[in-house]
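Trainee: I'm new to this one, and I'd like a close look at a single part of it. Could you walk me through the disulfide and what lies around it?

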Amino acid sequence: DLNSDTHPNSTELVDGVDSDCNGQKDWLATLYVAVDDAGELCVNGEVIGETGNWMDGRVYEVWLRSGAATIGIHGWDVGFHVTAAIAHIELSNGVVWVSDDTWRYDPEPQELAGKQGWCHNGFDDSAWAFVLDLGPIGNAAHPWGNAPSVFPPDSSAHWIWDHFPV
């Protein structure tokens with residue numbers, strides 16, 4: 001190729017290129033998240049930052065290596081009413097993932113046993129319950145009908161809820 005930095009003995013860089021010729025490149029992920037009222041975004045076991053509130057949200061760019069990746073949201077409602085969340089994830093290859101009824105939540109939020117590593121690759125969340133899908137952005141049937149201000153205007157993300165009042 002035309003890039004002298006790309007060869008089998010090259011140091012692997014996280015830059016979207018298969019720099020060491022192992023057949024795996026990394027991807028830039030743009031993550032749009034929001035929670036009513038507060039939360040933290042976790043990627044592969046590391047807290048990236050706050051989620052922002054349901055009206056504004058936050059946007060983060062994170063490099064992901066090829067292979068499995070885990071994205072988690074730890075959210076809470078400061079008024080002890082309802083914890084709703086929404087996420088829109090775009091990869092540099094054009095793939096988009098959004099929050100919907102396939103996402104899971106911890107049905108025993110006060111129980112600490114078995115939660116170590118909840119945001120690390122390989123964590124088994126099969127015992128966790130599926131979220132309640134409140135519907136897509138623009139659904140006037142719930143209080144979060146609008147998209148957070150930072151979200152792409154055409155996002156197909158759904159507001160999701162953990163079935164618990166807090």
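Mentor: Let's start with the bond itself: C42 and C119 are joined by a disulfide, with 2.2 Å from S to S. To count as a disulfide here, a pair of cysteine sulfur atoms has to be within 2.5 Å. The structure holds 1 disulfide, and the torsion about its S-S bond is about -120°, so it is left-handed. C42 sits in strand β2 (residues 38-43), while C119 is in the loop between β8 (104-105) and β9 (129-130), so the pair ties together parts that are 77 residues apart in sequence. Strands, by the way, are DSSP runs of E with at least two residues, numbered from the N terminus.

A word on what you're looking at: this is a predicted model, where local features need pLDDT of at least 70 and side-chain atom pairs count only at pLDDT 80 or more, while totals for chains, interfaces and linings use all residues. Residues are numbered from 1 along each chain as its sequence is written, and side-chain values use heavy atoms, with hydrogens and water left out.

Back to the cysteines: both C42 and C119 are buried, and buried means under 20% relative accessible area with a 1.4 Å probe, counting protein chains only. Across the chain, buried residues make up 34% of the 166 residues.

Now follow β2, the strand that holds C42. An open sheet of 3 strands runs in the order β3-β2-β5, with antiparallel pairing; two strands pair if DSSP finds at least two bridges between them. β3 (46-50) and β5 (71-76) are at the edges with a single partner strand each, so one side of each has no neighbour in the sheet. Between β2 and β5 there are 6 bridges, in the antiparallel sense, and E40 has H74 in β5 as its bridge partner.

Take V62: leaving aside neighbours within four places in sequence, V62 is in contact with W27, L28, A29, L31, V43 and I48, where contact means heavy atoms within 4.5 Å.

Definitions and conventions. Buried < 20%, exposed > 50% of the residue type's maximum accessible area, 1.4 Å probe, protein only. Helix = DSSP H or I, 4+ residues; strand = E, 2+ residues; numbered from the N terminus.
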